[in-house]
Amino acid sequence: MSDQNEQRTGTPDTPMAETPAERGERIGAALEAEAAARAAEAATPEGEAQDRKAHRGIAIAAVAFAVLLIGAGIAYSVLAPAAEDDSIEVTGTDAVHSTDGPAENNSDTGDGNGGNAATTPTPDFTMTTSEGKTLHLSDFKGRPVLLNFWASWCGPCKSEMPAIQAAWEQSGQDVDFVIVNMTDMGGESEEAAKAFLAEGGYTFPTYFDAGNSAATAFGVTSIPQTYLIDAEGNIIGACMGAMDESVIAQGIAMLKGEATTAQ
């Protein structure tokens with residue numbers, strides 16, 4: 001007797017097992033019958049209505065998925081450049097960038113941020129001296145100003161301090177240095193700032209933005225930032241990030257009317 005017959009041998013109490021071929025034929029016949037039944041059902045008015053509903057659901061899902069992909073693309077195109085711009089602000093630039101256009105043709109009101117704030121006239125704010133006296137930025141109008149925002153916890157800020165000190169010693173008689181500590185930003189305090197200045201032997205004029213007046217006026221969200229303000233109170237240049245001696249020299253020359261800068 002063959003192996004196949006042996007596999008199909010059973011007893012009256014035990015049904016014979018299916019061979020793989022027989023099982024495949026049975027499943028195939030069942031699927032064909034189910035498909036025929038679905039086709040017959042779809043041919044009825046009720047079936048056609050259900051079919052249209054199913055297709056509408058698929059179409060809606062496809063549109064929703066497409067919208068999701070488009071939204072993701074738009075989000076990336078907006079957020080990715082923003083992240084890149086932020087990294088540029090943090091790491092700094094190697095040149096002072098002049099602002100756009102003369103004062104009479106500039107309609108910016110001073111609500112911008114960073115190097116994009118081509119603001120004329122300069123937004124005003126209040127600050128305090130080391131002795132607690134309150135001043136306004138507008139109090140310096142009539143002389144060119146190098147305005148710098150910093151904090152003692154900021155590494156790039158600290159790295160530019162020796163160059164600022166040297167520039168002030170050389171040009172402080174021609175340009176007012178308004179070095180503003182961003183007090184209350186990122187845990188900064190007036191005490192920490194004064195301790196850092198004393199330890200480094202820095203003697204340039206330092207002011208404190210304890211009330212966030214300067215941060216609000218200039219939209220400061222990253223430091224260091226430096227602005228060049230002419231004697232009429234207009235911003236003529238800006239540098240986002242730590243400056244070295246050559247960058248500061250370029251800015252001083254602009255303030256003194258001795259040179260222009262690359263856009």
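**Close-up views of a predicted model**

**View 1. Lys194 and Glu190 meet in a salt bridge.** Their side chains come to 2.9 Å, N to O. A salt bridge here is a side-chain nitrogen of Lys or Arg within 4 Å of a carboxyl oxygen of Asp or Glu. Both residues sit in helix α5 (residues 190-200). They are 4 residues apart, so about one helical turn separates them. Helices (H or I, at least four residues) and strands (E, at least two) are DSSP runs, numbered from the N terminus. Lys194 is partly exposed at 33% relative accessibility. Glu190 is partly exposed too, at 22%. Buried means under 20% relative accessible area, exposed over 50%, and partly exposed in between (1.4 Å probe, protein chains only).

This is a predicted model: local features need pLDDT of at least 70, side-chain atom pairs count only at pLDDT 80 or more, and totals for chains, interfaces and linings use all residues. Residues are numbered from 1 along each chain as its sequence is written, and side-chain values use heavy atoms, leaving out hydrogens and water.

**View 2. Asp174 forms a salt bridge with Lys256.** The closest N and O atoms are 3.6 Å apart. This pair links distant parts of the chain, 82 residues apart. Asp174 lies in the loop between α4 (155-171) and β5 (176-181). Lys256 lies in the segment after α7 (245-255). Asp174 has a relative accessible area of 33%, so Asp174 counts as partly exposed. Lys256 is partly exposed as well, at 34%.

**View 3. Lys256 also forms a salt bridge with Glu258.** Here the closest N and O atoms are 3.7 Å apart. Shared partners join Asp174, Lys256 and Glu258 into one network. Glu258 is exposed, with a relative accessible area of 55%. A search of the whole structure finds 4 salt bridges.

**View 4. Cys154 and Cys157 form a disulfide.** Their sulfur atoms are 2.4 Å apart. The cut-off for a disulfide is a pair of cysteine sulfur atoms within 2.5 Å. The link is right-handed, with 75 degrees about the S-S bond. Cys154 and Cys157 are both buried. The whole structure has 1 disulfide.

**View 5. Residues 1-12 have pLDDT under 50.** pLDDT is the predictor's confidence in each residue, from 0 to 100. For residues 1-12, the model has 9 contacts beyond four places in sequence. A contact means heavy atoms within 4.5 Å. Residues 58-119 are also below 50, with 79 contacts beyond near neighbours in sequence. The mean pLDDT of the protein chain is 73.
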